[in-house]
Amino acid sequence: MPSSQNFINHVRIPENNDWVIFILIGCIFLYVFMMNIIERDASLKDFLLQKYFDASNNLPSWIITSCVITLTLSVLISQYIPVVPKYIADLQVLGYQLNKFGYTLMAVIFFYLTKSALGFLFYQSIGDGKKWTIFYFTSTKFYFILSFLLIILCIMHYYFPIDRNKIFLYYVSFFSFVFIFKVFFYLFHKNKILPEKWYYKFLYICTLQIAPLLLLWKLLFF
């Protein structure tokens with residue numbers, strides 16, 4: 001009778017990525033709800049091209065788009081963070097601990113909440129508070145398009161045979177391009193969402209675009 005020590009199990013257990021598809025389906029349902037209920041059956045073209053003074057329910061649309069961006073971005077980059085910090089991993093709620101996705105999600109939520117709060121305070125402090133609503137109305141359109149690109153990247157990342165280590169450099173290049181494009185999008189948009197004075201524009205880009213991004217990078221990868 002052969003020894004049990006010589007037994008080799010050739011059965012391969014595939015990676016279970018059901019949680020990814022559940023999150024992506026949830027994001028799509030959020031957009032269906034937004035377009036049918038909040039935007040009152042607006043078409044995609046009408047939503048993207050609508051003018052600020054003709055639009056309604058801008059705040060709920062911004063919140064839903066921010067939620068989708070937060071979820072899809074967390075899904076995509078969570079597998080690249082080296083480790084969950086010990087002081088976070090040691091925290092338990094009802095016996096549960098944060099995994100890499102949970103930690104990434106918390107970090108991205110903190111990033112967007114901080115950036116949004118500082119953006120609001122920035123516009124209020126320079127006496128241009130009315131422009132804040134125009135700003136998040138315009139940024140919603142940008143992030144709406146970006147979220148669909150992130151959904152596509154999530155599907156490719158988890159359901160296609162790609163080398164995840166090599167493609168990480170492409171992700172870095174992609175997000176660098178998106179960041180640069182976003183800065184120019186904000187600077188030259190016809191809605192003039194940034195302050196008119198150049199030093200306020202420079203202050204906004206440095207303190208509310210670059211600094212929070214560096215903080216997020218430090219939270220996730222160091």
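I began with α1 and α6, which are roughly antiparallel to each other (the word applies to angles over 145 degrees). Helices here are DSSP runs of H or I, at least four residues long, numbered from the N terminus. The model is predicted, so I noted that local features need pLDDT of at least 70, side-chain atom pairs count only at pLDDT 80 or more, and totals for chains, interfaces and linings use all residues. Residues are numbered from 1 along each chain as its sequence is written, and side-chain values use heavy atoms, without hydrogens and water.

I looked up the geometry next. Helix α1 (residues 18-38) packs against helix α6 (residues 130-159) at about 160°, and their axes lie 11 Å apart. Axes are lines fitted to C-alpha atoms over the stretch in contact, and angles run from 0 to 180 degrees between N-to-C directions.

Which residues of α1 make the contact? I found D18, W19, V20, I21, L24, Y31 and M34. Contact means heavy atoms within 4.5 Å.

I then turned to α3 (residues 58-77) and α5 (residues 100-125), which pack at about 140° with axes 9 Å apart.

Last, I checked the ends of α5. At its start, a side-chain oxygen of N99 comes within 3.3 Å of the backbone nitrogen of F101. Just after α5, G127 has a positive phi of about 75°.

Key. Helices (H or I, at least four residues) and strands (E, at least two) are DSSP runs, numbered from the N terminus. A polar contact is a pair of N or O atoms within 3.5 Å; within protein, one must be able to donate a hydrogen and the other to accept it, and residues adjacent in sequence count only if both atoms are side-chain atoms. Angles under 35 degrees count as roughly parallel, over 145 as roughly antiparallel, 65 to 115 as roughly perpendicular and the rest as oblique.
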